[in-house]
Amino acid sequence: MDLNVLIVGGGIHGVGLLHDLATRKIHGIHLVEKNKIASGTSSRSTKLVHGGLRYLEHINQWSLVKEALKERSLLLKLLNGIVKPLPFVLPNFHGDKRPPWMVRLGLFFYDLLAGDCGLPSATKISKDEIIHYAPYLNVKKIESEMISAFLYYDAQMLDDVIAKLVVEASVKLGASYEEDSEVTRVQKIEGGFRVTIKSSQEERTLTTKYIINAAGAWCNENLLKWDIIPNIPCLLNLGTHIIFRPEVVKNGKVENSFATLIQEPDGRIVFFIPWFDKWLFGTTESILNSRPSQIKYPQEDKQYLMHTASEVLNLSDAEQNISEIFCGVRCMPLNQKTKFSNLKANWVDNPYESPFYLNKLDKNISGLSRETVIDEPISGLFCIYGGKYTTYRAVGEKIGSLLSKKLKMGTLSGTHIKENWFIQELINEKPEIFKTSPELRQI
């Protein structure tokens, strides 16, 4: 076999697994990305490293919140500056779906699950304090409609920077990767797979013992293209974000302001965040029923966000101060398995019109679990569905342990050890990877 493990997909889960396997000293590991590293969802997140406060509304997601809070603490230590603490103000207005007592209880359990994480505990704050911490909020609404407010902490990140750093650290440890290349064919053979990889320069074939399909929204499309029937149907959840220039907030500076979490009447949560030198606003939860490549934000999503801004925020020339709008596509696995035994040709030609991609849901999207689902549709080929950016390292460690046992090689994972990140070396050798890339978010 040419490889022990081939990973398909250069998002955070793909590069995270590559890094995990490399720290275990497993040789023969390679990653293939059809565009650029982090050019999909992993550069288009809300840029938060968090447990997910609102997930506490669903008891089945508490274990995920606890794991995410543990990972938040670790990433703050490992990636100081790339991941940094972020204070949030959380106002409660008359008519909010979640009353103050529920919010306070949620914050209590959030702190409890986080344990001794190095961040301050949540506290109650006054109207004057929230106006000072969040000068972009609508003061009239605060004065007339706010009934309580809280301060709590999470963290934020440069998401694409982390993905690029992770993959370059993997190379330092002996792994390899390629961009602008696509796995076009997968054939099951004795002891593994024969795989065809196509790039603009060449088409080549290699063999591998295991394949990890870490393509996110494209996961089931890959399976269908490889003549494999998926077991897990998923829903593609489109999240639109707006980045504003600093001057959109006239009476406050980005570097001195806190983030806020806005509760919408329909139950959704929207964030307004000072993100390094700009303001980040989002996200929406639309259902995408087309290909997740080269998508443009829906006008109704932008209108939803701009309407929310006009209701709750005090922004100056908001439309003129838009710096960028980008969309991320979350792959959300559904808690059911498909029951098909034969592959239909039209599914391969139109995968997003197949039963493996749903285009409607009978319940609120926010109620779907964010936990990662690992499936093995055929022996030796694993698919990664869903998950949160925050927990990517833990997911990589779990799959890495599984593969290490199957291969009967490798040591323990070392992604939690700072020396395995080579940060200072990479700052000196490749300083460009430490800069976030707006162009990447638009591919």
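Helices here are DSSP runs of H or I with at least four residues, strands are runs of E with at least two, and both are numbered from the N terminus. With that in hand, hello everyone, and let's start with a loop. Asp 227 lies in the loop between helix 7 (219-225) and strand 11 (234-244). Although Asp 227 is not a glycine, it has a positive phi of about 65°. Asp 227 counts as exposed because its relative accessibility is 59%; exposed means over 50% relative accessible area, buried means under 20%, and partly exposed is in between, with a 1.4 Å probe and protein chains only.

A quick word on what you are looking at. This is a predicted model, in which local features need pLDDT of at least 70 and side-chain atom pairs count only at pLDDT 80 or more, while totals for chains, interfaces and linings use all residues. Residues are numbered from 1 along each chain as its sequence is written, and side-chain values use heavy atoms, leaving out hydrogens and water.

Back to the loops. Phe 422 also is not a glycine, and it has a positive phi of about 55°. You will find Phe 422 in the loop between helix 10 and helix 11. Is Phe 422 buried or exposed? Phe 422 has a relative accessible area of 18%, so it is buried.

Thr 283 sits in the loop between strand 14 (278-282) and strand 15 (286-288).

Now let's look at some strands, which pair if DSSP finds at least two bridges between them. Strand 8 (residues 181-189) pairs with strand 9 in the antiparallel sense, over 8 bridges. Within this pair, Glu 182 stands opposite Lys 198 in strand 9. The hairpin of strand 8 and strand 9 has 2 residues between the strands, and there Gly 191 takes a positive phi near 80°.

On to the next partner. Strand 9 also pairs with strand 10 (residues 203-213), again in the antiparallel sense, over 6 bridges. Here Arg 194 stands opposite Thr 207 in strand 10, and the hairpin of strand 9 and strand 10 has 3 residues between them. Why is strand 9 (residues 192-199) largely enclosed by the rest of the structure? Because 6 of its 8 residues are buried.

Next, helix 2. Helix 2 (residues 62-78) has 17 residues and reaches 24 Å from its first C-alpha to its last, close to the 24 Å expected at 1.5 Å a residue; that expected span is 1.5 Å times one less than the number of residues. Its buried residues include Leu 64, Ala 68, Glu 71 and Arg 72. Among the elements covering the buried residues of helix 2 are strand 4 (83-93), helix 3 (100-114) and helix 10 (392-407).

Which residues is Thr 391 in contact with, leaving aside its neighbours within four places in sequence? They are Leu 64, Glu 67, Ala 68 and Glu 71, where contact means heavy atoms within 4.5 Å. Thr 391 is in the loop between strand 19 (381-385) and helix 10, and it counts as buried because its relative accessibility is 1%.

Last stop: helix 3. Leu 105 is found in helix 3, and at 41% relative accessibility it counts as partly exposed.
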